[in-house]
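This report describes selected features of strand pairing, helix packing and backbone geometry. The sequence and the coordinates are shown first.

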Amino acid sequence: MEAVFIEVKGIVQGVGFRPFVYNLAISNNLNGWVNNDDQGVNIHLEGDTTSINNFLTKLENSAPPLSKIDSIKKTKIKQKKYNSFEITKSENTSNKTTIISPDMAVCDDCINDINDKNNFRYNYALTNCTNCGPRYSIIKTVPYDRCNTSMANFQMCNDCEKEYMDPTNRRYHAQPVACEKCGPKIALYDSKNQLISSNESAIKDIALKIDKGEIVAIKGMGGFHLICDATNDRVVRKLRERKNRLTKPFAVMFKDIIQIKEFAKLTKKEEEILVSKEKPITLVKTISSKLSSQVAPNIDRLGCFIAYTPLHIILFKHLKNPIVATSANLSDEPIIRQKEELLQKLGNVIDFVLDFNREIINACDDSVVQVVNDDISVLRNARGYAPSSIKLDKKTDKKILALGANQKATIALAFENNLVLSPHIGDLNSITSMEYFERTINTFKNFYDFKPDIIVCDKHPNYESVKWAKTQNIKIVQIQHHYAHVLSTMAEYKLDEQVLAFSFDGTGYGDDKNIWGGEVFIANKKEYKRIKHFKYFKLLGGEKSVKEPKRVALSLLFDTFSLDEILTLDTPTVKAFSTNEIKIMHTVWQKGLNAPFTSSLGRLFDAIASFSGILQIQTYEGQTGLQIEMAYNRNIKEAYTYKIEDEDIDLSMAIKEIIKDNNKELICTKFINMLVNLILDISNLYKLPIVLTGGVFQNKTLLEAVCENLEKSKKRYYYSKNIPLNDGGIAMGQLYSQI
């Protein structure tokens, strides 16, 4: 007989870990106890050596589906001769390190419960268990006990308490456990906040209103969605008008995978992700015209997701069609989590709102992913995936807070051997978004009793996060934006070596105070050297050129041709301006009036959209990239010409060739092929592992083509899959620079 003390760290709270340990111990005839504290799970085991070894094997290999074990530490101790195995009370220490679990989609067992007429949770819209439901969105602090969540004020009925107290039940210590009798209630209101109906009747009523063409708001797990019938052109157009969202695609929620297949062509991997326990929004190819043309205008991609809460499951029992389900927020603001704020800000957008009285403590948007190279690529890290964590091989002696970028903002924390990335916050362009940013920082500080020794932020002097950092009276380290992109990918793979990195995105503040975005570095964790970049060109009108690709294209024409030559060109770009406008722009270009220099590949994509006639004005970020992908033809093997002079990647020859082609498919394909050739040619100059990073590599066509050719060349390469390639990963890269 022997006794051991086991410490388990990772995502091990609120995921059914203690009942799993309890039942595992009982089945192996072991005595002792298990409890939670704010560092993880502690286990005292007594029994024969073989049984303890069997226990440890299953502990490591058969843990609950929502758990993530980072470490198991076993220490031999003196026997205390327990006569049974028990789950004991949670304990607190002064050192909180437990990683908070993300919110998870409703599990199949709970779906069966709400569909079973003989079950006391039949059609209860807030059903959950230890294998599913809210976590991050309802927790105030650790340990994850009911008193520390927004369920604290709901007293369990006898039936719920019986399950909650039974270690053999899957609802044992499921903190949000409730039923119609004792739990949160559903209520339907009009846009004037007048109560219409409640509970199951409210869900039936709002389904009827959706089918009739009304625009409604429904409370989800981490915030409200704006919802309407996705097959109704009139109502989707009305939603666009009311929300002032001209063409940016809407996500569509479906009843199940069978319904999605009526509208989209899925790969095996896409189907696997869509039905996973996370159920993120997944970008797939559309095949049907049955959806409204207003859902995702002018593109062949659709953001699909499956009903992921019991409320959604019940809603679809009464709906005829799939629904638009887009985040309820004002432009540049975070998702709304309270009915009162919703009615105040979007009362003129919605006709009705379906609410429930369980508070959302921490707002959390829907995750967005796509499949690249038959593997997941996270574009927006949120519900189901975040908070995300990386376990380091060694501990850091500092507590570090990283503030990320200004767009797609996230924050990240380093303590002990943990790197923790927050869910998506959004763009920091409003007072409300900055309040949400600060609230998220305070939330994570509270989770871990975290007081930073160092704050890491961007170098851009006008980023709101940088301004905030400078008010904190804490040591600040500023990391260049595109180097942080490189480091974020290195962090995901725990790389600690020199790499050749292609950091391609839209805009970022460069070391020379120009706008970077097409950079090639040799870098490691502590330093970087920019060895190549796209030759600088001017952004005519500064920020205005980001929304008007024609301005970027015209600037490139000014770099390549004389004014008289340009006025004679028969191209979509020139046709997009009057002669007088071109002359004015030429003066702006010559004198550099509000025309900053940039090396941005993201802006070069914009120029290609203009040259090819795809679009001259874009209404949302990434629109040009999506439409260029649509025009790509794999059968075209030609590529445009470029040359490298010292550090400059010069595309003047390519611009001349583009003007001659004057064909959408040809221009888009040869441009992407040129980028593939460029990356391969530079890679062949160095015997280093390759990192592909930055928002441009969200372009699936480009990334897959680059990877295919690097494979053929037997190159070792990396790109982020679980951390966003875009600015949502910047905070993790900033952290990694200090480890």
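Two strands are taken to pair if DSSP finds at least two bridges between them. The structure discussed here is a predicted model.

Ile6 illustrates both pairings: its bridge partner in strand 3 is Ile43, and its bridge partner in strand 4 is Lys74. Strand 1 itself covers residues 2-11 and is mostly covered, with seven of its 10 residues buried.

Strand 2 (residues 31-37) pairs with strand 5 in the parallel sense, over three bridges. In this pairing, Trp33 stands opposite Glu86 of strand 5.

| Strand pair | Sense | Bridges |
|---|---|---|
| Strand 2 and strand 5 | parallel | three bridges |

What is the order of the strands in the open sheet? The order is 4-1-3-2-5, and the pairing within this open sheet of five strands is mixed. Its edges are strand 4 and strand 5 (85-87), each of which pairs on one side only. On average, neighbouring strands of the sheet are turned by 15° against each other, with direction ignored.

Two helices lie across this sheet. Helix 1 (residues 17-27) lies across strand 1, strand 2, strand 3, strand 4 and strand 5, and runs at about 175° to strand 5. Helix 2 (residues 49-61) lies across strand 1, strand 3 and strand 4, and runs at about 5° to strand 1.

**Packing of helix 15 and helix 18**

Helix 15 (residues 549-560) packs against helix 18 (residues 579-591) at an angle of about 70°, and the two axes are 11 Å apart. Angles of 65 to 115 degrees count as roughly perpendicular, and the two helices are therefore roughly perpendicular to each other. Helix 15 passes helix 18 in a right-handed crossing. On the side of helix 15, the contact is made by Arg551, Leu554, Ser555, Phe558 and Asp559; these meet Ile582, Met585, His586 and Trp589 of helix 18. The residues of this contact divide into five nonpolar, two polar and two charged.

**Backbone geometry at individual residues**

The peptide bond from Ala386 to Pro387 is cis, with omega near 5°. Pro387 is placed in the loop between strand 17 (375-380) and strand 18 (388-402).

Positive phi values in residues other than glycine occur at Glu416 and at Asn473. For Glu416, phi is about 50°; the residue is found in strand 19 (residues 412-421). Is Glu416 buried or exposed? With a relative accessible area of 18%, Glu416 is buried, since the cut-off for a buried residue is under 20%.

Asn473 has a phi near 55° and is placed in the loop between helix 12 (464-469) and strand 21 (475-478). Its relative accessibility is 78%, so Asn473 counts as exposed. The positive phi of Glu416 thus belongs to a buried residue, whereas that of Asn473 belongs to an exposed one.

Notes: Residues numbered from 1 in each chain as written. Predicted model: local features only at pLDDT ≥ 70, side-chain atom pairs only at ≥ 80, totals over all residues. Heavy atoms only, no water. Buried < 20%, exposed > 50% of the residue type's maximum accessible area, 1.4 Å probe, protein only. Helix = DSSP H or I, 4+ residues; strand = E, 2+ residues; numbered from the N terminus. Axes fitted to C-alpha atoms, helices over the stretch in contact; angles between N-to-C directions. Parallel < 35°, antiparallel > 145°, perpendicular 65-115°, else oblique. Left-handed = near helix turned anticlockwise from the far one by under 90°. Contact = heavy atoms within 4.5 Å. Nonpolar A, V, L, I, M, F, W, Y, C, P; charged D, E, K, R; others polar.
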